[in-house]
Amino acid sequence: MRVDDLDTPVPVIDLDRVEHNLTKMQEYCDRHGLALRPHIKTHKLPQFALRQIELGAVGITCQKIGEAMVMAEAGCADILLTYPIVGVAKVSPLAELAGKTKLTVALDNAVALDTVAAAAAEAGVEIGILVEFDSGDGRCGVQTPDEVLALARRAAGNGLTRFRGLMTYPRGPRTVPFVTETRALLDGAGIAVETVSVGGTPGCWDTHELPGVTELRVGTYIYHDRATVGAGVATLDECAVQVQATVVSRPTPDRAVLDCGSKTLSSDRVAPSVGEGYGLILDYPDAVIVRVNEEHAVVDLSKSGAKPEIGDRVRILPNHVCVVTNLHDRMAVSRNGEVVGDWPVPARGCTR
């Protein structure tokens, strides 16, 4: 079957582009002495996680216990959870996960640390700790090196967890100064920093210029999307996922409606400097998807010279491909325009 024969709407993965992207990133990290720890939030597929490890990744990154469990059961032997794990209800699931893989958890507070310690006690294994710091984004993360020192001492003192280093996302202007100051403080206290982990596909290609950074976490790089192309870290030819859709209505000469909406493309936008709308229609780049309802994408054709007719198919580059993956139970897989598979997405929807 050709990709053009698939029923729509459907996201389609180009395996050759995926392989190009995986190899390019691994070669970059190898060249600059960086450990690569890909984030599986973009693809959520064990096949790709294992391929990333096969190419040289030191392990993988997951956001929630549920998706990490999928990957551990598939054979991923080293997992970093980059989300604070808080509360009694998390203890047993985290303990079960720790029994299946070498586990490290990033956190920024004592409550999360005590939760991890309780899971380590239940599992009877040591769990590693990275302390997350805020490098300028204003989301999670401790604010001072002194807070890192306090958590590092607490992690080392309970006999259940092990302080392994620092983490930030996305890397911001405070990254290098914070790492420099914190390393000096911890060195003075006799505490080793094994890992300094930074994340984010935008800006990934100059990670080696950050003194003290040892590990790169990237997710979107496997597929790329409109946002990473806009950030200048990928080309359109490196984008490995397209949403195939069909024109189902042309109510006016300047308006078309596609059979994909927020349940397919998501409602995520890109920066105004990148473009308008809810995805780039590759066949009609001057057309704009101005609105998405659950099942409808409304397209403004007023600036487009060529205009699609009812029944025509279009290819859409998603604004944010990670969300597109999470919206679909299955992804079509292709090579050279031929459909070579229909893969379930085992780690989608894992919110816990």
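The points below concern disulfides, aromatic pairs and charges over rings.

1. This is a predicted model, in which local features need pLDDT of at least 70 and side-chain atom pairs count only at pLDDT 80 or more, while totals for chains, interfaces and linings use all residues. Residues are numbered from 1 along each chain as its sequence is written, and side-chain values use heavy atoms, with hydrogens and water left out.

2. With a disulfide taken as a pair of cysteine sulfur atoms within 2.5 Å, the count is zero. The sulfur of Cys29 lies 8.4 Å from that of Cys204, its closest cysteine sulfur, and is therefore too far away for a bond. Cys76 is likewise in no disulfide, the nearest cysteine sulfur being that of Cys62 at 7.3 Å.

3. Rings of Phe, Tyr and Trp (its six-membered ring) pair if their centres lie within 6.5 Å; planes under 30 degrees apart are stacked, over 60 edge-to-face, and the rest tilted. Tyr28 and Trp205 are edge-to-face, at 5.3 Å centre to centre and 90 degrees between the planes.

4. The rings of Phe133 and Phe178 are stacked, because their centres are 4.4 Å apart and their planes at 0 degrees. Ring pairs also link Phe48, Tyr223 and Trp343 into a cluster.

5. A charge sits over a ring if NZ of Lys or CZ of Arg is within 6 Å of the ring centre and within 35 degrees of the ring normal. Lys64 is placed in this way over Tyr83, 4.7 Å from the ring centre, and Arg269 over the face of Tyr278, at 4.3 Å.
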